[in-house]
Amino acid sequence: MNEGVTFHLSGTSLSGLAVDEYAKTDRSGKAYFNDVLIGTGYVLEEVDTAIRYVIPENQTTAVEWNSITNKSFTNILKKWNVTVTKSDKESGTPQGDASLAGAVYGIFKGKQLIDTYTTDSNGQFTTKYYICGDDWSVREMEASEGYLLDESAYHIGAEAKNTPWNTIPPQTMWPSRLLKKKLL
């Protein structure tokens, strides 16, 4: 449970008085509004949602005489995945005996290797979902047959602050340089 999350209840009571109340969650993750005037059409919203979560939609609620109103919010972590497509820098498709299959890429969080993926016969792979954050990158760790290793780190751009929704599905392409052999 998440302690200290703020909720805002607003609207107009049946008697015409404005309701503008705030409550914070306790250790159990529950926030309590006490002595709220009877009314319908109140808006309940989570405020100051942590950046790593999708902002939950506001809810409409009513407060009735001598009863307890319960509402719940679910926080969904923002996540990303990426499809990497390796292509030949010059032609887009493999040349000669070269192959786009079999290149090994690493997914890094900062300098830490998190997972590795290998390109398929189309030169592609799709990662699983990861929690959004700063400093995610993809790097080629082993080149496929006939290609030079690309030692660049490619920033993925999965920062939670730039993502209002729960998944980022970018399609990304990385061109590879052909290893040109000299015939003797």
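Trainee: How many nonpolar, polar and charged residues does the lining of the largest pocket have?
Mentor: This is a predicted model: local features need pLDDT of at least 70, side-chain atom pairs count only at pLDDT 80 or more, and totals for chains, interfaces and linings use all residues. Residues are numbered from 1 along each chain as its sequence is written, and side-chain values use heavy atoms, leaving out hydrogens and water. A pocket is an open set of points on a 1 Å grid over the protein atoms alone, where a 1.4 Å probe fits, with protein on both sides within 12 Å along at least five of seven lines; lining residues have an atom within 4 Å of a point. By class, the count is 15 nonpolar, twelve polar and five charged.

Trainee: Which elements give two or more residues to the lining of the largest pocket?
Mentor: The lining has 32 residues, and Ala31, Tyr32, Phe33, Thr69 and Lys71 lie nearest the pocket centre. Strands are DSSP E runs of at least two residues, numbered from the N terminus. Those giving two or more residues are β1 (6-12), β3 (39-47) and β4 (59-63).

Trainee: Which are the edge strands of the open sheet?
Mentor: Two strands pair if DSSP finds at least two bridges between them. The four strands run in the order β2-β1-β3-β4, with antiparallel pairing. Pairing on one side only are β2 (18-24) and β4.

Trainee: What is the bridge partner of leucine 44 in β4?
Mentor: Start with the strands: β3 and β4 run antiparallel and are joined by four bridges. Leucine 44 pairs there with glutamine 59.

Trainee: Is asparagine 66 buried or exposed?
Mentor: Asparagine 66 sits in the loop between β4 and β5 (79-80). Its phi is positive, about 55 degrees, although it is not a glycine. Buried means under 20% relative accessible area, exposed over 50%, partly exposed in between (1.4 Å probe, protein chains only). Because its relative accessibility is 72%, asparagine 66 counts as exposed.

Trainee: Where is aspartate 135 found?
Mentor: Aspartate 135 is another non-glycine with a positive phi, about 70 degrees. At 46% relative accessibility, it counts as partly exposed. Its place is the loop between β10 (130-131) and β11 (136-142).

Trainee: Which residues touch the most other members of the largest nonpolar core?
Mentor: A nonpolar core is a set of buried Ala, Val, Leu, Ile, Met, Phe, Trp, Tyr and Cys residues joined through side-chain atoms within 4.5 Å. Of the 15 residues in the largest one, those touching the most others are Trp80, Ile107, Trp136, Val138 and Ile156.

Note on methods
Ala, Val, Leu, Ile, Met, Phe, Trp, Tyr, Cys and Pro count as nonpolar, Asp, Glu, Lys and Arg as charged, and the others, Gly among them, as polar.
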